[in-house]
Amino acid sequence: MKITVNEKEQFIESSSSLLKLIKKFPIYSKNSAVSINNNIIPKETWEKHILKKGDKVIFFHIIAGG
């Protein structure tokens, strides 16, 4: 199934979890966050969040500041 990860097309198995995808990408770090279709996905739901065809996944780094 085709999805987009950080603006690049990727092919993954159907019924893949977000956690499985995250383990595949070295770009991810503990200070990263993930959005799917412009919605932030909480870490505690990554294992249960099943990706769907056409999802747009974005990994980004959290930066604190003031």
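User: Why is Leu-19 called partly exposed?

Analyst: Leu-19 has a relative accessibility of 24%. Buried means under 20% relative accessible area, exposed means over 50%, and partly exposed is anything in between (1.4 Å probe, protein chains only). Leu-19 therefore counts as partly exposed at 24%. This is a predicted model, in which local features need pLDDT of at least 70 and side-chain atom pairs count only at pLDDT 80 or more, while totals for chains, interfaces and linings use all residues. Residues are numbered from 1 along each chain as its sequence is written, and side-chain values use heavy atoms, with hydrogens and water left out.

User: Where does Leu-19 lie, and what does Leu-19 touch?

Analyst: Leu-19 belongs to helix α1; helices are DSSP runs of H or I with at least four residues, strands are runs of E with at least two, and both are numbered from the N terminus. Apart from residues up to four places away in sequence, Leu-19 touches Trp-46 and Glu-47, contact meaning heavy atoms within 4.5 Å.

User: What makes the pair Glu-9 and Lys-2 a salt bridge?

Analyst: A salt bridge is a side-chain nitrogen of Lys or Arg within 4 Å of a carboxyl oxygen of Asp or Glu. The N to O distance between Lys-2 and Glu-9 is 3.5 Å, so the pair meets that limit. Glu-9 counts as exposed at 53%, whereas Lys-2, at 38%, is partly exposed.

User: How many salt bridges does the structure hold, and which residue pairs with Lys-20?

Analyst: There are two salt bridges. Lys-20 pairs with Glu-13, their closest N and O atoms lying 3.4 Å apart. Lys-20 has a relative accessible area of 44% and is therefore partly exposed; Glu-13, at 53%, is exposed.

User: How do you know that Asp-55 has no salt bridge?

Analyst: The nearest side chain of opposite charge, Lys-52, is 6.3 Å away from Asp-55, and a salt bridge would need a distance within 4 Å. For this search Lys and Arg count as positive and Asp and Glu as negative, while His and the chain ends are not counted. Asp-55 sits in the loop between β4 (39–40) and β5. With residues up to four places away in sequence set aside, Asp-55 touches Ile-3, Thr-4, Ile-36 and Asn-37.

User: Why is Ile-36 called buried, and what surrounds this residue?

Analyst: The relative accessible area of Ile-36 is 4%, so Ile-36 counts as buried. Ile-36 is found in strand β3. Beyond its neighbours within four places in sequence, the contacts of Ile-36 include Leu-18, His-49, Leu-51, Asp-55 and Val-57.

User: What makes a nonpolar core, and which residues have the most contacts inside the largest one?

Analyst: A nonpolar core is a set of buried Ala, Val, Leu, Ile, Met, Phe, Trp, Tyr and Cys residues joined through side-chain atoms within 4.5 Å. The largest such core has 14 residues, and those with the most contacts inside it are Leu-18, Leu-21, Val-34, Leu-51, Val-57 and Phe-59. At least two residues of this core come from each of β1 (2–5), α1 (18–24), β3 (32–36) and β5. Helix α1 gives the largest share, three residues. Val-57 touches residues including Ile-3, Val-5, Leu-21, Val-34 and Leu-51, leaving out residues up to four places away in sequence.

User: What makes the nonpolar surface patch?

Analyst: Ile-40, Ile-58, Phe-60 and Ile-62 make a nonpolar surface patch of about 370 Å². Patch residues have over 30% relative accessible area and no salt bridge; nonpolar side chains (Val, Leu, Ile, Met, Phe, Trp, Tyr) are joined within 5 Å, and like charges within 9 Å. The areas come from the Shrake-Rupley method with a 1.4 Å probe, and for residues only the protein chains shown count as cover. Ile-58, in strand β5 (residues 56–61), counts as partly exposed at 35%, so Ile-58 passes the 30% limit.

User: Why is Glu-7 called exposed, and what is its phi value?

Analyst: Glu-7 has a relative accessible area of 76%, and therefore counts as exposed. Phi of Glu-7 is near 70 degrees, a positive value in a residue other than glycine. Glu-7 lies in the loop between β1 and β2 (8–11).
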